[in-house]
Amino acid sequence: MAALDGLPPLRDVIQRHGLDAKKALGQNFLLDLNLTQKIARTAGPLDDATVIEVGPGPGGLTRAILALGAKKVVAVERDARCLPALAEIAAHYPGRLDVIEADALKVPFKTLADGPVRIIANLPYNVGTQLLVNWLLPEQWPPFWQSMTLMFQREVGLRIVAGADDDHYGRLGVLCGWRTKARMAFDVSPQAFTPPPKVTSSVVHLEPIADPIPCSVSTLEKVTQAAFGQRRKMLRQSLKSLGGEALLARADIDPQRRAETLTVEEFCRLANCLSG
């Protein structure tokens, strides 16, 4: 892609700016520019969208998103060391890249852009799941974003797309299944990163469901937390603190079942019976 966008190879950028990846920030830099383009393409058409990227690091994915024609990119980066490298990309694409130095967990994302928004990110491992949950669970729905194309450790990706009776099914699978259509796009080997992580990564693509089952966010969180907190126990035991057998009877769910056998619709039913 250096030939495509006229910018220097990422390894040179990292060396020139002294950007060794910091474990404390959950950083693993993605250097394969063919791969960053594949991630950006997975998000769908970008020419009408503002793309929000979290943790761009030296900007490999940022460059791919811009080269594929994104109207605007807003990149949130906590590591001040990366800002000069990102400034070089901003200068190469005048008016199309805004960089915000901030902790992503404290950023009010819905205020960053008007119009269609796509989130594309190789998320820092240490905050990725929490960011996803924050984007999934606003009180107002549909959300500010049209799609999310995110990289996680493969284990987390499997939990995001899992459904009932899947070994990876848990609270995350229920929340993602309730409000989105989620799919695994492809896996990424450790060798694509600097430094290579110990595990395989996966790119997951999520699109919001316009009309999910009506349900209280906080109550659904409470029910899934209790049910999967003791996932090997029968629901009459794991949900005891929320009403146990009486709650399950109201929801018409067999008290001898276990959490991983319940569909998203059944979890919503439990939450609505608890609220009611």
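Trainee: Is Glu53 buried or exposed, and what about a salt bridge?

Mentor: This is a predicted model, so keep that in mind. In it, Glu53 is buried, yet it has no salt bridge. A salt bridge needs the charged atoms within 4 Å, and the nearest side chain of opposite charge, Arg63, is 11 Å away from Glu53.

Trainee: Where does Glu53 sit, and what does it touch?

Mentor: You'll find Glu53 in strand E2, which covers residues 50–54. Leaving aside residues up to four places away in sequence, its contacts include Leu61, Thr62, Ile65, Val73 and Ile120.

Trainee: Okay, new topic. How many cavities of 30 Å³ or more are there?

Mentor: The search of the whole structure turns up 2. The largest cavity holds about 350 Å³ of space. It is lined by 29 residues, and those closest to its centre are Gln27, Gly55, Glu77, Asn122 and Pro124.

Trainee: Which elements give two or more residues to that lining?

Mentor: Strands E1, E2 and E3, along with helix H4. By class, the lining of the largest cavity has 16 nonpolar, 9 polar and 4 charged residues.

Trainee: And what is the volume of the second largest cavity?

Mentor: About 40 Å³. Arg63 turns up again here, as one of its lining residues, along with Glu88 and others. Helix H5, residues 83–92, gives the most to this lining, with 3 residues.

Trainee: How does the lining of that second cavity divide by class?

Mentor: There are 6 nonpolar residues, 2 charged ones and no polar ones.

Definitions and conventions:
Residues numbered from 1 in each chain as written. Predicted model: local features only at pLDDT ≥ 70, side-chain atom pairs only at ≥ 80, totals over all residues. Heavy atoms only, no water. Helix = DSSP H or I, 4+ residues; strand = E, 2+ residues; numbered from the N terminus. Buried < 20%, exposed > 50% of the residue type's maximum accessible area, 1.4 Å probe, protein only. Lys, Arg positive; Asp, Glu negative; His and termini not counted. Contact = heavy atoms within 4.5 Å. 1 Å grid on protein atoms, 1.4 Å probe; cavity = no way out; pocket = protein on both sides within 12 Å on 5 of 7 lines; lining within 4 Å. Points joined across faces, edges and corners; volume = space filled by probe spheres on them. Nonpolar A, V, L, I, M, F, W, Y, C, P; charged D, E, K, R; others polar.
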